[in-house]
Amino acid sequence: MKRGRDRLYWIPLVILVVWTIFPLLWGVSSSFKTYADIYRVPPSIIPPDPEIRAYQVVLTSRGFSTYVFNSTFLALTSSFIAVACSILAAYGFARFKFRLSTVLFLLILIPRIIPRASLIIPLFQMWATVGLLDSYAALIVSYTATAIPFNTMVLTGFFRGVPPALEDAASIDGASIWQRIRYIMIPMSIPAIITVSVMSLREAWNEFPFVLALTTSTRMRTLPYQLFMLRDAMGIEDWPVVLAFTALTIAPILGFYIIFQKRVTSGLVSGAIK
Amino acid sequence: MAETTAIEVNIKKLNRYKRIKKTIPYWLILPALLFVVGVLWYSVLYGIGMSFFRIDLALPDTPFVGLENFFNLFGEERFIHSFQRSLIFVGGSVGLGLLLSFAFAQGLYKVRTFAGSFRGLALVPYLVSGVATAIMFRFLFSRTVGFVNQFLVTLGLERIEFLGEPSWAMLVIILANTWFIVPFSTLILLGGMQALDPDLFEVALVEGASKLTILFRIIIPLIKPMIGISMIWLTFASFNMFDVVLPLTAGGPGRATEVLALYMYRLGFDFLRFSDGAVVMTVILLLNIITSVFYLRVFKSEV
């Protein structure tokens with residue numbers, strides 16, 4: 001009813017827009033400023049003398065391609081393994097009745113609430129014991145494990161909503177479990193799979209405590225870790241460079257998000273409520 | 001005769017097939033379970049176990065000491081201090097976070113033009129990494145290059161050492177943390193509001209209820225469970241916040257912003273006091289459990 005008369009809801013929306021955009025906008029705009037303009041008072045949002053020096057410095061800096069590779073490689077492999085394992089597990093939970101199903105489901109779901117940072121000390125000990133500190137394997141396995149609970153939860157919920165009739169028909173025709181997952185369940189669940197993939201990618205791409213605790217050498221660093229180290233490396237901070245680096249680490253995941261926005265948001269809403 | 005054997009063979013085959021079929025779900029779940037149990041459960045339990053032993057690199061063995069580590073650490077001034085810092089940090093973040101996410105959720109619930117874009121925008125901080133958030137806020141509040149200080153100077157006011165003074169630094173990490181964690185709780189509340197029956201408001205309006213009455217008598221009581229869940233989320237995220245705090249203040253100035261997660265990291269990786277670090281980990285986990293049980297009790301749906 002008379003929603004049109006009630007314009008008060010614009011107040012929180014304006015606050016939302018300013019609150020969300022301003023820190024990002026200020027950072028990105030300053031990454032295009034000259035070293036001197038950063039200090040200029042009064043501040044201006046539009047760089048008075050825009051330049052791309054900072055981006056050139058970052059892109060040509062030593063090791064940058066290694067960090068990009070590490071971040072990309074770790075995010076892709078761990079997300080792929082996590083999504084694959086979660087699809088299988090979710091199919092098991094959604095389509096079978098078996099004795100331990102509730103117990104196992106909880107066993108997989110409960111760790112979702114375990115804070116990542118709190119695990120670094122035992123995880124460090126664990127990977128040190130097996131001699132895999134400072135390796136891709138330790139990071140990939142750790143990232144995969146932290147992504148599985150959320151993925152399994154979202155996918156199980158979605159799979160349960162897919163009508164089983166199609167699979168019944170396929171199984172009468174002799175389709176194996178694998179074929180039913182591959183040719184029926186996965187194609188029917190693309191939105192949910194995209195959601196959990198983007199979430200896993202985001203999680204791994206942005207990850208900080210594990211890579212900080214489990215790696216020691218420079219060549220193993222990811223983008224967030226290097227961003228953290230930039231502070232110490234330079235003495236006096238070259239802020240445009242730091243901000244350009246920040247912008248470059250945010251850009252890919254934001255790009256992904258803009259492409260898959262609708263699916264991610266709706267998936268997150270359903271994930272948030274469960 | 002031959003026919004019966006054929007049937008028997010088939011029955012045997014069928015039985016074997018049934019037996020195999022029973023194990024199928026277990027095989028499907030196995031890979032996920034191995035990861036979760038092997039990494040997450042193992043390290044949680046191992047960490048809790050560590051807190052009962054004295055693990056000292058200078059000692060050849062690791063004797064069982066029961067709760068001694070806990071008592072020692074609880075008597076340490078630095079632990080108490082960082083516990084207090086955490087309470088302030090969590091209290092501030094949950095208070096501000098709940099206020100903002102409720103306001104945002106209300107706005108998003110009501111808006112019709114560009115609703116999708118606004119909702120998408122609200123989620124953006126959720127995609128930015130904690131480290132990047134920390135860097136942006138450090139820049140925003142820096143003494144010389146920060147927008148806030150440049151703005152103050154433009155107005156003819158004095159610069160403020162936001163990151164050099166304990167209470168200001170605490171405020172800055174609360175703001176940065178809130179920026180980082182608010183999107184998810186906004187979504188939770190928005191989900192709660194969208195599940196409400198719009199007819200309810202119309203009836204209330206027809207009956208002459210004011211906007212505020214509708215808000216406090218209808219909306220808030222009905223989405224109480226959602227408020228509880230978003231408070232759990234905000235508390236969890238804040239109690240365990242590490243990514244935003246370390247790159248932003250590194251616990252400084254002094255130890256003014258050394259929250260529990262940071263203190264735990266220091267104990268383990270700077271001082272190599274692994275069992276004490278494990279004690280702090282156990283304390284953090286217990287706090288999480290206690291707060292979620294508390295909220296779930298308080299905000300239990302009464303409808």
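**View 1. Chain A is built from helices.** Chain A has 12 helices and 0 strands. Keep in mind that this is a predicted model. Reading along the sequence, you get the pattern α-α-α-α-α-α-α-α-α-α-α-α.

**View 2. Domain 1 of chain A sits against domain 2 of chain A.** On the domain 1 side 10 residues take part in the contact, and on the domain 2 side 11 residues do. Together the two domains of chain A bury about 720 Å², with carbon and sulfur atoms giving 73% of that area. If you want to pick out residues on the domain 1 side, go for A:Ser31, A:Tyr35 and A:Ile38: they supply 56% of the area that domain 1 of chain A buries against domain 2 of chain A, more than any other three residues.

**View 3. Helix 3 of chain A packs against helix 9 of chain A.** Here helix 3 (residues 64-95) of chain A meets helix 9 (residues 190-206) of chain A at an angle of about 140 degrees, and their axes are 8 Å apart. Angles over 145 degrees would count as roughly antiparallel, so this pair is oblique instead. As for handedness, the crossing of helix 3 of chain A and helix 9 of chain A is right-handed.

**View 4. Side by side: the residues where helix 3 and helix 9 of chain A meet.** From helix 3 of chain A come A:Ser71, A:Thr72, A:Ala75, A:Leu76, A:Ser78, A:Ser79, A:Val83 and A:Ile87. Facing them from helix 9 of chain A are A:Ile193, A:Val196, A:Ser197, A:Ser200, A:Leu201, A:Ala204 and A:Trp205. Sort the residues of this contact by type and you find 9 nonpolar, 6 polar and no charged.

**View 5. Chain B meets chain A.** In this interface, 91 residues of chain B touch 89 residues of chain A. The two chains bury about 8700 Å² between them, and 81% of it is on carbon and sulfur atoms. On the chain B side, look for B:Leu28, B:Leu127 and B:Phe139, which supply 9% of the area that chain B buries against chain A, more than any other three residues.

Methods: Residues are numbered from 1 along each chain as its sequence is written. Chains are lettered from A and ligands numbered from 1 in the order in which they are written. This is a predicted model: local features need pLDDT of at least 70, side-chain atom pairs count only at pLDDT 80 or more; totals for chains, interfaces and linings use all residues. Side-chain values use heavy atoms; hydrogens and water are left out. Axes are lines fitted to C-alpha atoms, for helices over the stretch in contact, and angles run from 0 to 180 degrees between N-to-C directions. Helices (H or I, at least four residues) and strands (E, at least two) are DSSP runs, numbered from the N terminus. Angles under 35 degrees count as roughly parallel, over 145 as roughly antiparallel, 65 to 115 as roughly perpendicular and the rest as oblique. A crossing is left-handed if the near helix is turned anticlockwise from the far one by less than a right angle, and right-handed if clockwise. Contact means heavy atoms within 4.5 Å. Ala, Val, Leu, Ile, Met, Phe, Trp, Tyr, Cys and Pro count as nonpolar, Asp, Glu, Lys and Arg as charged, and the others, Gly among them, as polar. Buried area is the accessible area (1.4 Å probe) that two parts lose on being put together, summed over both.
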